[in-house]
Amino acid sequence: MAAPGENMRVNADRLWDSLMDMAKIGPGIAGGNNRQTLTDSDAEGRRLFQKWCDDAGLTMGVDTMGNMFMTRAGEDPEALPVYVGSHLDTQPTGGKYDGVLGVLSGLEVIRSLNDLGIRTRHPIVVTNWTNEEGARFAPAMLASGVFAGVHSQDYAYGRKDPEGKTFGEELKRIGWIGNEEVGARRMHAYFEYHIEQGPILEAEKKDIGVVTHCQGLWWLEFTLTGREAHTGSTPMNLRVNAGLAMARILEMVQAVAMENQPGAVGGVGQVFFSPNSRNVLPGKVVFTVDIRSPDQKKLDGMRARIEAEAPKICEALGVGCSVEAVGHFDPVTFDPTLVATVRKAAEDLGYSHMNIISGAGHDACWAAKVAPATMIMCPCVNGLSHNEAEDISKEWAAAGADVLLHAVIETAGIAE
């Protein structure tokens with residue numbers, strides 16, 4: 001069979017309808033989604049995805065971390081599979097596209113190949129990774145991290161959500177513990193398609209982001225211990241105020257990130273006050289500092305400085321301070337051959353494109369430790385993500401899926 005021409009595209013309407021149907025599961029309160037990992041909504045989303053894959057003739061495998069692997073057989077029984085994937089779980093106030101676009105575009109690649117009667121030499125596997133977001137169980141990219149040997153399964157199973165429920169218990173409860181050994185699968189290549197989660201592609205008016213690198217990350221969870229006391233009757237000079245210590249640490253994190261410009265970010269998105277009462281100074285504050293950079297030296301230097309200065313801030317206020325690293329990955333350089341394949345696919349299809357560094361972490365970061373990997377990105381409106389207002393157009397979604405289709409066919413090889 002001849003190589004596929006540039007007129008070969010995915011079914012944009014079918015892809016969009018699938019996205020909208022999945023978005024009905026775990027609806028948010030403002031138009032997005034709350035389908036957090038290992039919830040009943042997550043289980044329902046998995047079942048719908050399974051049904052669609054069954055209808056497309058795929059064979060399902062599930063490992064002991066709940067990762068779903070949906071396989072379209074290749075013509076060469078000895079050839080390693082080409083994997084395509086992302087995640088179906090969302091943030092508590094997440095959008096309809098983060099992660100989901102990559103999973104359902106992978107399914108759309110299979111549906112399009114079926115429509116066209118194209119058989120590939122390598123098998124193709126569409127993957128749904130468990131707990132990419134890390135919103136309920138830190139760290140992010142937990143199950144792909146176990147797959148890549150970064151975390152042990154015992155560590156993952158023991159992770160707790162804010163209510164004290166463990167990952168292992170909840171995975172069992174929703175009925176998605178498989179029997180495959182985690183990480184036993186071998187990959188020929190891994191592709192992940194994702195919304196940018198930033199404003200660059202839209203601002204530059206580019207259809208496709210050719211992802212060359214992913215910046216590294218540290219999540220540092222601070223636990224500050226003060227003394228609960230009445231906010232009205234406790235003199236200012238007698239307070240042991242964990243909330244004030246947190247505020248000064250946040251200012252320090254901002255300063256550290258700004259001093260490492262360009263190419264560094266830092267901030268705090270999650271805070272728990274205890275007892276969280278209007279008229280009680282907190283006895284304990286737990287919050288997570290998120291720092292990122294594509295430069296390893298900057299990333300490590302930021303962490304070292306934050307961990308050195310935070311205890312001094314707390315000591316001056318009489319507040320106890322402990323810190324635990326609950327998430328980390330080093331900067332990633334994606335496979336040059338696969339990056340070139342994505343770029344050529346965009347060019348052949350006539351889509352405008354540019355190189356881009358992913359500001360967010362993705363399962364591809366861990367997949368890159370065990371196989372050649374890369375990513376494709378499409379724009380999102382105003383760069384919004386991890387927000388119910390997250391939005392993309394049908395045309396943007398389809399463009400990236402077209403590039404994914406051609407890159408996968410090029411890598412999997414058309415059977416003779």
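The buried residues of helix α2 pack against α1 (12-23), β2, α3 and β4. Contact here means heavy atoms within 4.5 Å, and buried means under 20% relative accessible area, with exposed over 50% and partly exposed in between (1.4 Å probe, protein chains only). Helices (H or I, at least four residues) and strands (E, at least two) are DSSP runs, numbered from the N terminus. The model is predicted: local features need pLDDT of at least 70, side-chain atom pairs count only at pLDDT 80 or more, and totals for chains, interfaces and linings use all residues. Residues are numbered from 1 along each chain as its sequence is written, and side-chain values use heavy atoms, leaving out hydrogens and water.

The buried residues of α2 are Asp42, Ala43, Gly45, Arg46, Leu48, Phe49, Trp52 and Cys53. With 16 residues, α2 spans 23 Å from its first C-alpha to its last, close to the 22 Å expected at 1.5 Å a residue; the expected span is 1.5 Å times one less than the number of residues. After the helix comes Gly57, which has a positive phi, near 85°.

A salt bridge is a side-chain nitrogen of Lys or Arg within 4 Å of a carboxyl oxygen of Asp or Glu. Lys51 is partly exposed, at 47% relative accessible area, while Asp55 is exposed, at 55%.

The structure holds 20 salt bridges. Another one joins Glu307 to Arg303, with the closest N and O atoms 3.1 Å apart. These two residues are four apart in helix α9 (residues 296-317), so about one helical turn separates them. Glu307 is partly exposed at 26% relative accessibility, and Arg303 is partly exposed at 23%.

What does a salt bridge between Asp76 and Arg121 tie together? The closest N and O atoms of this pair are 3.1 Å apart. Asp76 lies in the loop between β2 (68-72) and β3 (82-86), and Arg121 in the loop between α3 (100-116) and β4 (124-128), so the pair ties together parts that are 45 residues apart in sequence. Asp76 is partly exposed, with a relative accessible area of 23%, and Arg121 is partly exposed at 40%. Elsewhere, Asp40, Arg136, Asp161, Glu170 and Arg173 are linked in a network of salt bridges.

Next come the nonpolar cores. A nonpolar core is a set of buried Ala, Val, Leu, Ile, Met, Phe, Trp, Tyr and Cys residues joined through side-chain atoms within 4.5 Å. The largest has 101 residues, and those with the most contacts inside it are Met22, Phe49, Leu104, Phe191, Phe334, Ile392 and Val403. Helix α12 (residues 394-412) gives the largest share of this core, 11 residues. At least three of the core's residues come from each of domain 1 (12-215 + 333-412) and domain 2 (216-329), with bounds taken from an automatic or database domain assignment. Apart from this core lies another, of 26 residues, among them Ala242, Val256, Ile291 and Ile313.
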